[in-house]
Amino acid sequence: MKAGQIVKSTAGRDKNTFFVVTEVVGTYAVICDGKHRPLEKPKMKKLKHLSETAYTADLDQVKTNKEFRRVLHRFNFE
């Protein structure tokens with residue numbers, strides 16, 4: 001798992017929700033989605049509770065909460 005990767009939560013109250021990994025710290029990933037978990041208040045979630053997808057987001061171009069929501073829209077609503 002690496003920064004910029006789009007992942008799906010497999011456990012917890014946010015189960016089946018997609019997030020973007022902003023950073024990996026040991027066995028945890030720092031994730032945000034721009035709405036419930038904005039950039040100002042990201043969530044640390046264990047890697048074993050996340051499912052990887054084949055998609056990535058370019059973190060150099062995605063810098064605001066609105067852009068995170070736009071990237072994740074097709075995953076959360078399709």
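Guide: One term before we start: contact, or touching, means heavy atoms within 4.5 Å. Also keep in mind that this is a predicted model.

Visitor: Okay. So which residues does Ile-6 touch, leaving out those up to four places away in sequence?
Guide: Quite a list: Phe-18, Phe-19, Val-20, Glu-52, Thr-53, Tyr-55, Thr-56, Val-71, Leu-72 and Phe-75.

Visitor: Why would nonpolar side chains be buried together?
Guide: As a general point, nonpolar side chains tend to be buried together in soluble globular proteins.

Visitor: Let's switch to the strands. In what order do they sit in the sheet?
Guide: The order is S4-S3-S2-S1-S5, five strands in an open sheet with antiparallel pairing. At the edges you'll find S4 (43–46) and S5 (50–56), each pairing on one side only.

Visitor: How are neighbouring strands turned against each other?
Guide: By 45° on average, if you ignore direction.

Visitor: How many bridges join S2 to S3?
Guide: Five, and the two strands run antiparallel; S3 covers residues 28–32. For instance, Val-24 has Ala-29 in S3 as its bridge partner, and Val-21 stands opposite Ile-31 in S3.

Visitor: What's in the turn between S2 and S3?
Guide: The two strands form a hairpin with two residues between them, and Gly-26 in that turn has a positive phi of about 65°.

Visitor: And how many bridges join S1 to S2?
Guide: Three there, again with the strands running antiparallel. One example is Lys-8, whose bridge partner in S2 is Phe-18.

Visitor: Where is Asn-16, then?
Guide: Look in the loop between S1 and S2. Asn-16 has a positive phi of about 65°, although it is not a glycine.

Visitor: Is Asn-16 buried, exposed or partly exposed?
Guide: Asn-16 counts as partly exposed because its relative accessibility is 48%, and that label lies between the buried limit of under 20% and the exposed limit of over 50%.

Visitor: Back to the helix. Which strands does H1 lie across?
Guide: H1 lies across S1 (5–9), S2, S3 and S5, and runs at about 125° to S2.

Visitor: How many aromatic pairs are there?
Guide: The count comes to two. One is Phe-18 with Phe-75, a tilted pair with 5.4 Å centre to centre and 40° between the planes. That pair links distant parts of the chain, with Phe-18 in strand S2 and Phe-75 in helix H1, 57 residues apart.

Visitor: Are those two buried or exposed?
Guide: Phe-18 is buried, and so is Phe-75. Together with Tyr-55 they form one aromatic cluster.

Visitor: New topic: Lys-45. Buried or exposed?
Guide: Lys-45 counts as buried because its relative accessibility is 7%. You'll find Lys-45 in strand S4.

Visitor: What lies 2.8 Å from a polar atom of the Lys-45 side chain?
Guide: The backbone oxygen of Ala-11. Leaving aside neighbours within four places in sequence, Lys-45 is in contact with Ser-9, Ala-11, Gly-12, Asp-14, Thr-27, Tyr-28, Ala-29, Ile-31 and Leu-50.

Visitor: One last residue. Where is Gly-34?
Guide: Gly-34 is in the loop between S3 and S4. At 5% relative accessibility, Gly-34 counts as buried.

Visitor: What does Gly-34 touch, not counting residues up to four places away?
Guide: Asn-65, Phe-68 and Arg-69. As for Phe-19, Gly-34 is 15 residues from it in sequence and 8.7 Å from it in space, C-alpha to C-alpha.

Methods:
Residues are numbered from 1 along each chain as its sequence is written. This is a predicted model: local features need pLDDT of at least 70, side-chain atom pairs count only at pLDDT 80 or more; totals for chains, interfaces and linings use all residues. Side-chain values use heavy atoms; hydrogens and water are left out. Two strands pair if DSSP finds at least two bridges between them. Helices (H or I, at least four residues) and strands (E, at least two) are DSSP runs, numbered from the N terminus. Axes are lines fitted to C-alpha atoms, for helices over the stretch in contact, and angles run from 0 to 180 degrees between N-to-C directions. Buried means under 20% relative accessible area, exposed over 50%, partly exposed in between (1.4 Å probe, protein chains only). A polar contact is a pair of N or O atoms within 3.5 Å; within protein, one must be able to donate a hydrogen and the other to accept it, and residues adjacent in sequence count only if both atoms are side-chain atoms. Rings of Phe, Tyr and Trp (its six-membered ring) pair if their centres lie within 6.5 Å; planes under 30 degrees apart count as stacked, over 60 as edge-to-face and the rest as tilted.
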